[in-house]
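Here is a short report on a single chain. Look over the sequence and the model before reading on.

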Amino acid sequence: MCSTEVTIGQPDRKVLLDTARSSIQHGLDFGKALEVNAAYYTAALQAERACFVTLEKAGELRGCIGHLQAVQPLINDVAENAWAAAFQDPRFAPLKRVELPGLEIHISILSPPQAMTFSSQEDLLAQIRPGIDGLILEDGYRRGTFLPSVWESLPEARDFLAHLKLKAGLPADYWSDKIRISRYTSESITDAG
C-alpha cells in the first residue's frame, strides 16, 4: 500500500463486503446495482478510491470488474463494481440466483497508478516488485491490467509481463519503445461466502 493511502479498518471492511453482496442480491431482485448514499458512511468509505471486485465460485473466476482511477466514493465504487462483476462481465453469463450461496467476493482497493520509467524490457523487469505491484500496460489503443493478486498464479516477473501483454492483445514477446507501464498497489478484502 502506498504510504499516502489510508488503510481500511476492520469495521469498514465488513461494510464493503456486505455492500458488495447486497448489490449483487439487489441485482438479482431488481436488475440494477444497489444505490448507496456515501454521506451515511465513514470518511474512509466516502473517499474517492478506485477498486476492482472479483467474484469466484469454487475457486474459479466468475467475474471481475473495476476502475483503475478513482471516479466516485469507495462505497459507491464497490456497489457498482460488485453488480457489474456479477452481471456485466462479458466473459461470463449473468449470475444466477442459485450461484449466490458460496460466491466468494474479493475487493481490491487500488492506490493511484504511478508511471514507471525504464529503458528496456530488462530494465522494466528489474523494477517490477513481484507480489506487490499491479501493472497497467498501454501501447497505442491496446491496454491491459493485472491486479497484484495475479502474482499468485504468475509468480515470475517475466511470465507476469508476458501474460499481461497477451491480455492487452499483444504477442507475449512483443516489445516497443512506445509501451507505457504504470504500477499500483492494492489492499485486499475477501469474503469466502
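## Burial and surface

Of the 193 residues in the chain, 49% are buried. The model is predicted. The accessible surface comes to about 9800 Å². Carbon and sulfur atoms account for 53% of that surface.

The chain carries 19 positive and 25 negative side chains. The centres of these two sets lie 3 Å apart.

## Fold and dimensions

Five helices and eight strands make up the secondary structure. From the N terminus, their order is α-α-β-β-α-β-β-α-β-β-α-β-β.

The C-alpha trace spans about 50 × 35 × 25 Å along its principal axes. Take the contacts between residues at least 6 apart in sequence: 72% of them join residues at least 24 apart.

The whole structure holds four aromatic pairs. One of them joins Phe 146 and Phe 160, with ring centres 5.4 Å apart. Their planes meet at 65°, so this pair is edge-to-face. Phe 146 sits in strand β6 (residues 142-146), and Phe 160 in helix α5 (residues 157-167). The two are 14 residues apart.

Trp 151 also pairs with Phe 160. Here the ring centres are 3.8 Å apart and the planes lie at 5°, so the pair is stacked. Are its members buried or exposed? Phe 146 is buried. Trp 151 is buried too, at 5% relative accessible area. Phe 160 has 0% relative accessibility and counts as buried.

Technical notes. Residues numbered from 1 in each chain as written. Predicted model: local features only at pLDDT ≥ 70, side-chain atom pairs only at ≥ 80, totals over all residues. Heavy atoms only, no water. Helix = DSSP H or I, 4+ residues; strand = E, 2+ residues; numbered from the N terminus. Buried < 20%, exposed > 50% of the residue type's maximum accessible area, 1.4 Å probe, protein only. Contact = heavy atoms within 4.5 Å. Areas by Shrake-Rupley, 256 points an atom, 1.4 Å probe, with all protein chains shown as cover. Lys, Arg positive; Asp, Glu negative; His and termini not counted. Charge placed at Lys NZ, Arg CZ, Asp CG, Glu CD. Phe/Tyr/Trp six-rings, centres within 6.5 Å; stacked < 30°, edge-to-face > 60°.
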